[in-house]
Structures are given as structure tokens and as C-alpha cells.
Amino acid sequence: RVLITGGLGQLGSGLAQILREQYGKENVILSDIKKPPAHVLSSGPFVYADVLDFKQLRELIVNHRITWLVHYSALLSAVGEANVALARKINISGLHNVLDLALENCLRIFVPSTIGAFGPSSPRDPAPDLCVQRPRTIYGVSKVHGELMGEYLHHKYGLDFRCLRYPGVISAHTHPGGGTTDYAVQIFHDAVSTGNHECYLRSDTRLPMMHISDCHRATVEFMHAPESQLSLRTYNIAAMSFTPEEVALEIQKHVPEFKVTYKPDTVRQTIADSWPVRFDDSNARRDWGWAPVYGLEGLVSDMLRSIREKRTVEGLPVS
Ligand code: VAH
């Protein structure tokens, strides 16, 4: 049985759908601290779970006979900088709760890390799996801590801890949760609805990005990889790196009149400028056969098609 924490964020419902196809609807439990929308509730079991409530989480794990934890609860980069105390609680104390429960109940645990786990003193182009990590956000600091804690518990107690550093994840049907890469999702919705996008990053800000279906597939393939194949517990995974200007140009091939104006926001520009420009994911490709499907062209046409379809179903105008 799989329990996904932070299940109502950008990633939980899509991953649950894939795992439910593999393990059966009742064996993948989505959880969060908010009420789920109707379509989430109708797609499979959902329960309340607060990662800060150790006892309630322990009860959940025991009563539902959980064997595998996917820990998506976290405050992302930009929203974390606006609420450092809460980010430290959720991203660090919440992480310790799930790691302790994974250890206590011999669970396998997947915890995502991020391009945000690197900082200005890390090699940026590309950033390898193993290098200096001095991130400048509470989000990045908490994710490096997660990597270190998980690897420590693996080496000391044999905990089956697995971690992937995700690039910015681009999705049509779910919204990102207050990160620095969120513009790369909003730009597609704006291209289809208003035809104009105001970008909070400079036009030349290059960041690693990935289509959500590649992100989910990487996560599932990685979790199924035999331990004997893993030379690391934490891996970078990459698909593409683009700037706002490049993705706007690609969108304009489909929406010629699409316009982007740039109004850099200091906080998020500073964060983006501290992150890697590209990821070296050669270890993931060698150890467990990682390979992306979507590049920039495929991402843009899939996102525009998906959002147009969604808006048409909802009876909304489409540009
Ligand atoms: C953020 N989307 O921007 C998240 C992610 C790779 C970036 O961690 O904070």
C-alpha cells in the first residue's frame, strides 16, 4: 500500500493515477490537510494527514498497512522564503516524522529533492549529482538536509530511501505550489486564454525543466529499480533547459500573436540566478536507464493541446 503526503499539490494526483493502474485503486492513498476536489475524491482513497502530527501519521500507516511512502509535502522555494518558520517546520520537522515512521515500519520512502538544492557556489552548467551544495533558500537548505538525512539512515539502518532532484515540473491539469519555475506553467495558460504573459524572470534566465509525465515516469521507474543497480540514493534527472524567451518563441509557432512582457521580481530572480542552468543526469541514465521523452517542442505542443482541450470542455474561450 502506498501513502502519498502533500497529495493535493502539483504532483500527487498524477502519480496516484499511475500507481493505481499498477497496484489497484484501493492500494494507493492520497493525503493532504485540505479537502480534495470532487474529481480527486472520485478517483481513489483520500485521507487527512498532517506530516507535523506524528501520532496521526503512525496510526494511518498502521491502519492502512502502508509499505511505501511518497513524501510530497513541502513549501517550495518562493513561498518558503515568505514563510521561513513554516517552511522549516514542514520541510524539516515533517520530513523527520516521515523518516522516523519509515524506519520504524520498514517502509520504502521516496522524497523528492530539486534543482533548488544547489546554490551559487555549485557548478551550474551542468550541476553534477555530487558537488558543493550551499543553497540560499530555506527550501533548498531543507531539501539538502533531506538528502543527507535519508542517505544517513540508509547507510546506518538500511532504510530504503530514494530521492530524485526534480527540475521545474510543467503540468497542464495541476498547478505548481509557489515555486520559482511556476512561470513556465502559467505562460501556457496565458498563451491559450489572454495571449499575453507577464514574466517575473529575465528573458535569458535558463532553468532545467521537465514535462510532468516524464517526472512521474522517472519516479516510478526509479522506485522499481533493484537496489543493486543504485550507486547513489539521490540522483539528478533532466529533460531540457530553457529560457522564458525560448519557450515564448516555441509557443509563438502555435500562437503567432502571443506576447510576453518581462517584469523581473527580485526575490524569484535572485533564487533562479542561484540555481543550476543544466543538470548532469548521466548517473541516472547509466544506473537505472533514465531517459526523458519530452523536449521543448513536444512539451509546448502537448501543453497547448491539453489546455485548449480542457478549456473547451469547460466552455472557456480559447485563443
Ligand atoms: C520551485 N517548482 O520552483 C519548484 C521546484 C525545481 C523547482 O523545486 O521551487
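Mentor: A disulfide is a pair of cysteine sulfur atoms within 2.5 Å. The model discussed here is predicted.

Trainee: How many disulfides does the rule give?

Mentor: The count by this rule is zero.

Trainee: What makes Cys131 count as partly exposed?

Mentor: Its relative accessibility is 22%. Buried requires under 20% and exposed over 50%, so Cys131, in between, is classed as partly exposed.

Trainee: Why is Cys106 called exposed?

Mentor: Cys106 has 69% relative accessibility. The class begins over 50%, and Cys106 therefore counts as exposed.

Trainee: What share of the chain counts as buried?

Mentor: Of its 319 residues, 55% are buried, that is, under 20% relative accessible area.

Trainee: How do you know that the radius of gyration agrees with a compact globule?

Mentor: For 319 residues, a compact globule would have a value near 20 Å. The chain has 19 Å, so the two agree. The C-alpha trace spans about 55 × 45 × 40 Å along its principal axes.

Trainee: What share of the contacts between residues at least 6 apart in sequence joins residues at least 24 apart?

Mentor: The share is 77%, where contact means heavy atoms within 4.5 Å. The secondary structure of this chain comprises twelve helices and 13 strands.

Technical notes
Residues are numbered from 1 along each chain as its sequence is written. This is a predicted model: local features need pLDDT of at least 70, side-chain atom pairs count only at pLDDT 80 or more; totals for chains, interfaces and linings use all residues. Side-chain values use heavy atoms; hydrogens and water are left out. Helices (H or I, at least four residues) and strands (E, at least two) are DSSP runs, numbered from the N terminus. The radius of gyration is taken over C-alpha atoms; the globule rule is 2.2 Å times the number of residues to the power 0.38. Buried means under 20% relative accessible area, exposed over 50%, partly exposed in between (1.4 Å probe, protein chains only).
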